[in-house]
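This report describes a structure for a reader who has not seen it before. It covers the surroundings of the ligands and then the salt bridges.

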Amino acid sequence: MALLFRSTVDSAARWRAQLTTLSQTLDIRVWPEIGDRAAIDYALVWRPEPGFLASLPNLKLILSLGAGVDHLLGDPLLPRHLPIVRLVDPHMTDAMSEYVVLQVLRLHRRDLDYRAQQEAREWRELDQKNAAERRVGILGLGELGRDAAKKLKMLGFDVAGWSRSEKTLAGIESHAGAGGLPALLARSEILVCLLPLTAETEAILNARTLALLPKGAALVNAARGAHLVEADLLAALASEQISAAVLDVFNDEPLPAGHPFWHHPRVVVTPHVAAFTNPATAAPIILDNIRRFEAGHPLLNRVDPARGY
Ligand code: NDP
Ligand code: OXD
């Protein structure tokens, strides 16, 4: 059985080492030295070029190197009849929650204001709410959003979330569906986006939705760049409708050198690192799914291409 590895960002050497240590039977082939395309059974990929998966005639299973699958479903030639699984790794979930907690605390505790004061050598105490008075809204209550919501709740924040289907999470207000979005936005002083990128969620952070947030709200986008209409955020920052934004993901990655976000005093930029894939923890999860496939057992974390995630 041959597994192809192809990624634009993950270390092929680390992945090959992990996969060969854990599986004696898989023949690991790292792009571009993949040999006979007809021999490839499994494809473990991140952002393969469009049409590439369709060029593997005997492919049986597609495994995403990330939690998101927009990098696969956007391929017009994707072999849609094949099963696709995405990565759900508890270590990645922890990493995302660390990122969200860090950024929510940064915004809540006015870190950007104090940094500006430090620049100006200004010693001044600013008003501070406590966590129970701070309303945080999370777009997406899936693997990542749920965990982040629970951890923010444990810190005492007043947390609500939004998903397609209604959720029951202790102490966390649930809003669902298109009809539930305005109420979630209206209460979110800090809004965190952890949605998958689909036809329905693309550009969901736009002038109209940002205007529904309380005046001076802050935004954290750790999902996908295409969720945000960047020009609308810049306009909302200029009008002070939005007071600050922390962005991990962008329409163009790496963020172009001349992009206004780099130098904006109210924008924090991180280079798509909120939760990256770790071969040591992810390889056993990936191999487990391959063994399930070979044994004819149900796959874990299977993607529904019609739903888009
Ligand atoms: P899940 O599939 O587990 O969760 C998705 C959540 O979004 C679900 O709660 C789902 O609702 C909700 N949702 C989807 N579509 C809609 C919609 N139209 N309206 C309302 N809610 C919707 O995904 P994960 O939590 O695992 O990951 C989320 C995203 O995070 C990934 O797709 C990826 O883009 C991003 N990501 C970013 C990383 C980074 O480093 N920056 C790292 C990892 C992931 P329901 O529960 O009802 O289905
Ligand atoms: C992912 C990511 O989807 O890292 O896993 O963005």
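In this predicted model, an oxygen atom of ligand 2 lies 2.8 Å from a polar backbone atom of Gly68. In Arg224, a polar side-chain atom is 2.7 Å from an oxygen atom of the ligand. In His272, an N or O atom of the side chain is 2.6 Å from an oxygen atom of ligand 2. On its own, ligand 2 has 210 Å² of accessible area, and the protein covers 85% of it.

The residues that surround ligand 2 are Trp46, Gly66, Ala67, Gly68, Met92, Arg224, His272 and Ala275. By class, this shell consists of four nonpolar residues, three polar ones and one charged one.

Ligand 1 is surrounded by 30 residues, and the closest of them are Arg86, Ser165, Lys167, Ala222 and Tyr309. The shell of ligand 1 divides into 15 nonpolar, seven polar and eight charged residues.

| Residue | Atom of ligand 1 | Distance |
|---|---|---|
| Arg86 | oxygen | 2.8 Å |
| Ser165 | oxygen | 2.6 Å |
| Asp248 | nitrogen | 2.9 Å |

Of the 940 Å² of accessible area that ligand 1 has on its own, the protein covers 92%.

The rest of the report turns to the salt bridges. How many salt bridges does the structure hold? There are 19 salt bridges in the structure.

One of them joins the side chains of Asp111 and Arg106, with an N to O distance of 3.0 Å. Is Asp111 buried or partly exposed? Asp111 has a relative accessibility of 24%, so it counts as partly exposed.

Another salt bridge pairs Arg266 with Asp113, and their closest N and O atoms are 3.0 Å apart. Arg266 lies in the loop between strand E11 (242-247) and strand E12 (267-269), while Asp113 lies in helix H4 (residues 111-119), so the pair ties together parts that are 153 residues apart in sequence. Arg266 counts as partly exposed because its relative accessibility is 23%. Asp113, at 19% relative accessibility, counts as buried, because the limit for buried is under 20%.

Arg134 and Glu189 also form a salt bridge, with 3.4 Å between the closest N and O atoms. This pair links distant parts of the chain, 55 residues apart. Arg134 is in the loop between H4 and strand E6 (135-139), and Glu189 is in the loop between helix H6 (177-186) and strand E9 (190-193). Arg134 is buried, with a relative accessible area of 13%. Glu189 counts as buried as well, at 18% relative accessibility.

Salt bridges also occur as a network, which links Arg135, Asp158, Glu173 and Arg187.

Key. Residues numbered from 1 in each chain as written. Chains lettered and ligands numbered in written order. Predicted model: local features only at pLDDT ≥ 70, side-chain atom pairs only at ≥ 80, totals over all residues. Heavy atoms only, no water. Salt bridge = Lys/Arg side-chain N within 4 Å of Asp/Glu carboxyl O. Buried < 20%, exposed > 50% of the residue type's maximum accessible area, 1.4 Å probe, protein only. Helix = DSSP H or I, 4+ residues; strand = E, 2+ residues; numbered from the N terminus. Near = heavy atom within 4 Å. Polar contact = N/O pair within 3.5 Å; in protein donor to acceptor, adjacent residues only side chain to side chain. Areas by Shrake-Rupley, 256 points an atom, 1.4 Å probe, with all protein chains shown as cover. Nonpolar A, V, L, I, M, F, W, Y, C, P; charged D, E, K, R; others polar.
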